[in-house]
Amino acid sequence: MADPVEELLNVYDVEGRVVGARPRREAQASGLAVGAVNVLVVNPRGEVLLQRRPMDKENGGRWDKSVGGHVSAGEEFDITAVREAGEELFDDGRSTRVRLARDREEFERLRRDEDLRRLVLIRRVGFQLNLRDVRHAPGGGLRNVLYHLAIYHGLTDVPLADFRPQRSEIDELRYVAPAELDQLLLDARLPPNMAFLWLTQGHALLSKR
């Protein structure tokens, strides 16, 4: 029986239409796609913000994307991205220190006009239907989950000491230079989805700094 307080997630058909809502574990095991957001944030020095996952979570002990999360029942992807960034980086899903730009022009205007030492600025850059993810399960083994994935790039100059990472989800935050991130990938210290993101998004991400 599902935990009555377990988070409800949207579930989708193969074309991306919402077809219902189910508790997290049931949704992930249903064979239907769940919604997810992945955010990669870079600073003006070209370093990527990474989080290290707690050992009792999926992909535990590995260095993961800046922000990631599931689309809750009734949410849209962009709302989830802002909420998850606030929760994971500032321990506040309504933090005013996360801003979503609607398009490239707004992103460029905000990066000129806002103080990036206090702000994490993001915008959506891609959407992937039916992404089959492979995850390290807590305690060993693996899990497969089908995702519709919204991908975001971000820019910030917030010092590490000014973040307030969500302790239930993050053991550590670090800014990592691209060469070190490449080595983490080669050493199998990234989860599969983060390796996918870095290989497909790294070049475009670094060009935005």
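Colleague: Is Gly-74 buried or exposed?
Modeller: Relative accessible area tells us: under 20% is buried, over 50% exposed, and in between partly exposed, using a 1.4 Å probe and protein chains only. Gly-74 has 72%, so Gly-74 is exposed. This is a predicted model, where local features need pLDDT of at least 70 and side-chain atom pairs count only at pLDDT 80 or more, while totals for chains, interfaces and linings use all residues. Residues are numbered from 1 along each chain as its sequence is written, and side-chain values use heavy atoms, with hydrogens and water left out.

Colleague: Where does Gly-74 lie?
Modeller: Helices (H or I, at least four residues) and strands (E, at least two) are DSSP runs, numbered from the N terminus. Gly-74 belongs to the loop between strand 6 and helix 2. Its C-alpha atom is separated by 8.1 Å from that of Leu-9, 65 residues apart along the chain.

Colleague: Let's turn to helix 2. How many residues of helix 2 are buried?
Modeller: The count is 10 of the 14, so helix 2 is largely enclosed by the rest of the structure. Among the buried residues are Phe-77, Arg-83, Glu-84, Glu-88 and Phe-90. As for length, the expected span of a helix is 1.5 Å times one less than its number of residues. From its first C-alpha to its last, helix 2 reaches 19 Å, close to the expected 20 Å.

Colleague: How many aromatic pairs does the structure hold?
Modeller: Rings of Phe, Tyr and Trp (its six-membered ring) pair if their centres lie within 6.5 Å; planes under 30 degrees apart are stacked, over 60 edge-to-face and the rest tilted. The structure holds four such pairs. In one of them, the ring centres of Tyr-12 and Phe-77 are 5.8 Å apart and the planes meet at 35°, so the pair is tilted. Because Tyr-12 lies in strand 1 (residues 8-12) and Phe-77 in helix 2, the pair ties together parts 65 residues apart in sequence.

Colleague: Which residue lies over the face of Trp-63?
Modeller: A charge sits over a ring if NZ of Lys or CZ of Arg is within 6 Å of the ring centre and within 35 degrees of the ring normal. Here the residue is Arg-174, at 5.1 Å from the ring centre of Trp-63. Trp-63 is part of strand 5 (residues 63-64) and counts as buried, at 3% relative accessibility.

Colleague: What volume does the largest pocket have?
Modeller: On a 1 Å grid over the protein atoms alone, a pocket is an open set of points where a 1.4 Å probe fits, with protein on both sides within 12 Å along at least five of seven lines; lining residues have an atom within 4 Å of a point. Grid points are joined across faces, edges and corners, and a volume is the space filled by probe spheres set on the points. The largest pocket comes to about 720 Å³. Of its 32 lining residues, the closest to the centre are Arg-24, Arg-53, Glu-58, His-70 and Glu-169. Helix 2 gives the most to this lining, with four residues.
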